[in-house]
2 protein chains.
Amino acid sequence: MDNRIGHYNFTVEPFSEDYTGQLTWESMGNHLLRCASLHAGRLGLGYDSMIRNRHIWVLSRLVVELNRMPRTWESYTLNTWISALYRQFTDRLYSITAPDGSAYGYAYTVWALIDMDTRQPLDLSRLPGEGLTGAVVADRPFPVKGPGRIRVKSHTALRRRPTFYSDIDINGHVNSIRYIEMILDLFPKQTFDHYAPQRVELAYCSETYCGEELDFFVDQADPLCYHIEARKTDGTTAVRAAVRFRPLECTQTDFPATLLAAGPSAAQDQ
Amino acid sequence: MDNRIGHYNFTVEPFSEDYTGQLTWESMGNHLLRCASLHAGRLGLGYDSMIRNRHIWVLSRLVVELNRMPRTWESYTLNTWISALYRQFTDRLYSITAPDGSAYGYAYTVWALIDMDTRQPLDLSRLPGEGLTGAVVADRPFPVKGPGRIRVKSHTALRRRPTFYSDIDINGHVNSIRYIEMILDLFPKQTFDHYAPQRVELAYCSETYCGEELDFFVDQADPLCYHIEARKTDGTTAVRAAVRFRPLECTQTDFPATLLAAGPSAAQDQ
């Protein structure tokens, strides 16, 4: 067993699925973060040991690309490893596998280690002890494209969303995964009747604190792909995101003009 | 081991806590529902066997009262049993215990079994086979008050909240526990800096479907206790709720005029 790779087993329990019976993106996303935390801990660089020096791991990029999402009572394993180490960033990859070894999908994350007082990133090549150097697995196959560039041109917010107590996590700001929920919630239920998110990509730009409001701007790249930017009311960008949907019926080739609006008059409703 | 009582063990994993490091009410609540489902399954009356006859368990009342909420890495056990069986309702109780046997708290739930086509409740005394009759444990100590009567007189909504894809669960309507999140989110973060919800009580009146908007009306019973009603825009009541807070500092006796507003001018802000 290669100690540099962490394996974490899960089963989709009732009441962790969405209305279609698939594990929620929130559950999957928080499990990805949890396994990053557990695996960093095993490498001696977990939350507890970092916080003692007022250092904290901060998620900078997240890409999740799935063939399909596990359903109620299905088991899956999150396999995670460090694939690259830069001065200020480290790449952590995941494969999400079924018990038969087939892939539910993959995830690509980029992390920085931040000094809580100066808010400056630490030099990851100069961590105490062995640091992460011995943990890098550079050669493991990873068939999914990493984070790309996301630009949103729209100047009209599709929605303003306040933030509340339940949006913030132990880091004191809006939970990284909660943004996925906010972004998927821009689409009507009818979209999820016929399409599933296939690839969700986020670039975390600045932290949102409880009570701040977020405006969501959306560009449609193509009928199945949307670029989204969440900005605070002072204009600061909180996150940029891209969502690609796949049709649930494989034979479907005729897509509506937009997945942002419900019903046959979707194009006009925009 | 008394087979009529189900015991389910959990540990508070990272990323299932709120910003104070306590398990979220959403996680606790969904675990309560999950254990109801698992235990009903063990009694031969679980979701899977019920849905075959187009019958479904519907939560009618929920009370959760806690001495304290478990924190990161703490373990807890949900112990659950049927305490009473009526024609149209059954009471399911829970104790939530720490490994040393002390109580984190208790929960009281009331359920009906509904025919999905007629929307009518089934007669629980006439279930196939043994039904629930043999499962009733009437004599187990339960030191917490059951559901009470909640009336809200306010005619001014404190907030209008749309509902979205991520609010609905496998039953196709707003998740029962999601209402707790909506209700706690009526209070500012400052409230949770100094107070924790001690008792949350919900009466489920009608289902909310994705896209429906909820108006939240709030009466203050006393500085630490609030009665809340969520109504759809057509005036139908979705849920009635009561929340009681406890001060985090035990010695605190001087409460602000309201916990609904932040800051020292809270009373005037109302």
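Predicted model: local features only at pLDDT ≥ 70, side-chain atom pairs only at ≥ 80, totals over all residues.
After α1(B) I noted B:G44, whose phi is positive, near 85 degrees.

Next I turned to the strands of chain B. I found β2 (residues 55-66) paired with β5 (residues 103-115) in the antiparallel sense over 11 bridges, and within β5(B) I located B:G105 opposite B:L66. I also followed β4 (residues 90-97), which runs antiparallel to β5(B) and is joined to it by 8 bridges; here I recorded B:Y108 of β5(B) as the bridge partner of B:L93. Between β4(B) and β5(B), which form a hairpin, I counted 5 residues, and in the turn I noted B:G101 with a positive phi of about 90 degrees.

Finally I checked the domains of chain A, which is divided into domain 1 (1-143) and domain 2 (148-270), with 23 Å between their centres, taken over C-alpha atoms. I found 16 residues of domain 1 of chain A in contact with 16 residues of domain 2 of chain A. On the domain 1 side, I noted that α1 (25-42) and β2 (55-66) of chain A are the elements giving two or more residues, and that β2(A) supplies the largest share, 9 residues. I recorded that side as 9 nonpolar, 4 polar and 3 charged residues.

Note on methods
Residues numbered from 1 in each chain as written. Chains lettered and ligands numbered in written order. Domains from an automatic or database assignment. Contact = placed C-beta atoms within 7 Å. Helix = DSSP H or I, 4+ residues; strand = E, 2+ residues; numbered from the N terminus. Nonpolar A, V, L, I, M, F, W, Y, C, P; charged D, E, K, R; others polar. Pairing = 2+ DSSP bridges.
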